[in-house]
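Here is a short briefing to read alongside the model. Have the viewer open and follow the topics in order.

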Amino acid sequence: GRVCFTEENPFLANLDIDDVNKKLRQRRKSFRTKVISGEYWKLSQEEKERISPEVHKLEWMPLSEMIKLCLSSMIPGFYVNEWQRQQFTMLSKDSKCLRRRDPMFMTAATLLEVDLIQNARSLKRMSDRLTEKELANAEQWLFEGMTNEDVLRVTKRRLSAGANPSFLTPNRWNSARKELDAAEQISRL
């Protein structure tokens, strides 16, 4: 995932959400047409992935709301909106399509850490110091293809070692806040 700064991406400040959502609706319509006509099934896997709609709707929301939605993702019967409820209901009827929901708790943990940083300048300064590889080596412990059992085993191992597998500990949280505050004070000199 990426954090985008409006200072570096001015188009975000003027992004026409209604226009983006209109284009997403057009993409879904084109996709449905190709599926119904049979054209979709003749495409290569790469072509199918390229034209398949992944995003239903784009909207701005407060970070706190995103964190709440991510943390609620595994609650039975909880859905972000009516469209998501309909899709999960439809797909769960065929157990081959949907066996379980993707737990969004790692996204929530990331958003909580972003929320820890008080402004875009501090976040940028912090992210400029690290490479993606360094972050992955230090933080990643869930990998594509892991089963529920794999996740439980790794979580148990991390917890027994005293590490919360998803969230900063309160001491680390306070320490990180102090480090960021100190860096911010120094940058103002």
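The notes below go from the whole chain to single residues.

This is a predicted model, in which local features need pLDDT of at least 70, side-chain atom pairs count only at pLDDT 80 or more, and totals for chains, interfaces and linings use all residues. Residues are numbered from 1 along each chain as its sequence is written, and side-chain values use heavy atoms, with hydrogens and water left out.

**Overall make-up**
- The chain has nine helices and zero strands, where helices (H or I, at least four residues) and strands (E, at least two) are DSSP runs numbered from the N terminus.
- Along the sequence this gives the pattern α-α-α-α-α-α-α-α-α.
- Of the 189 residues, 19% count as buried; buried means under 20% relative accessible area, exposed over 50%, and partly exposed in between (1.4 Å probe, protein chains only).
- Among contacts (heavy atoms within 4.5 Å) between residues at least 6 apart in sequence, 64% join residues at least 24 apart.

**Confidence**
- The average pLDDT (the predictor's confidence in each residue, from 0 to 100) is 78 for the chain, and 74% of the residues score at least 70.
- Helix H1 (residues 17–37) has the highest mean pLDDT among the elements, at 95, while helix H9 (residues 170–188) has the lowest, at 66.
- Where pLDDT is low, the predicted coordinates should not be read in detail.

**Aromatic pairs**
- There are three aromatic pairs in the structure; rings of Phe, Tyr and Trp (its six-membered ring) pair if their centres lie within 6.5 Å, and planes under 30 degrees apart count as stacked, over 60 as edge-to-face and the rest as tilted.
- Phe31 and Tyr40 make an edge-to-face pair, with 5.1 Å centre to centre and 80 degrees between the planes.
- Tyr40 counts as buried because its relative accessibility is 10%.
- Tyr79 and Phe88 make a tilted pair, with 5.8 Å centre to centre and 35 degrees between the planes.
- Within that pair, Tyr79 is partly exposed at 25% relative accessibility, whereas Phe88 is buried at 18%.
- Phe31, Tyr40 and Trp41 together form one aromatic cluster.

**Helix H3 and its surroundings**
- Ile67, Leu69 and Cys70 are the buried residues of H3.
- Viewed down the axis of H3, these buried residues fall within an arc of 165 degrees, so they line one face of the helix; the arc is that of the directions from the helix axis to the C-beta atoms.
- Helix H5 (105–116) is included in what covers the buried residues of H3.
- Ala108 lies in helix H5 and counts as buried, at 0% relative accessibility.
- The C-alpha atoms of Ala108 and Leu71 are separated by 6.1 Å, although the two residues are 37 residues apart along the chain.

**Ser72**
- Ser72 sits in the loop between helix H3 (63–71) and helix H4 (82–92).
- With a relative accessible area of 10%, Ser72 is buried.
- The Ser72 side chain reaches the backbone oxygen of Lys68 at 2.8 Å.

Key:
A polar contact is a pair of N or O atoms within 3.5 Å; within protein, one must be able to donate a hydrogen and the other to accept it, and residues adjacent in sequence count only if both atoms are side-chain atoms.
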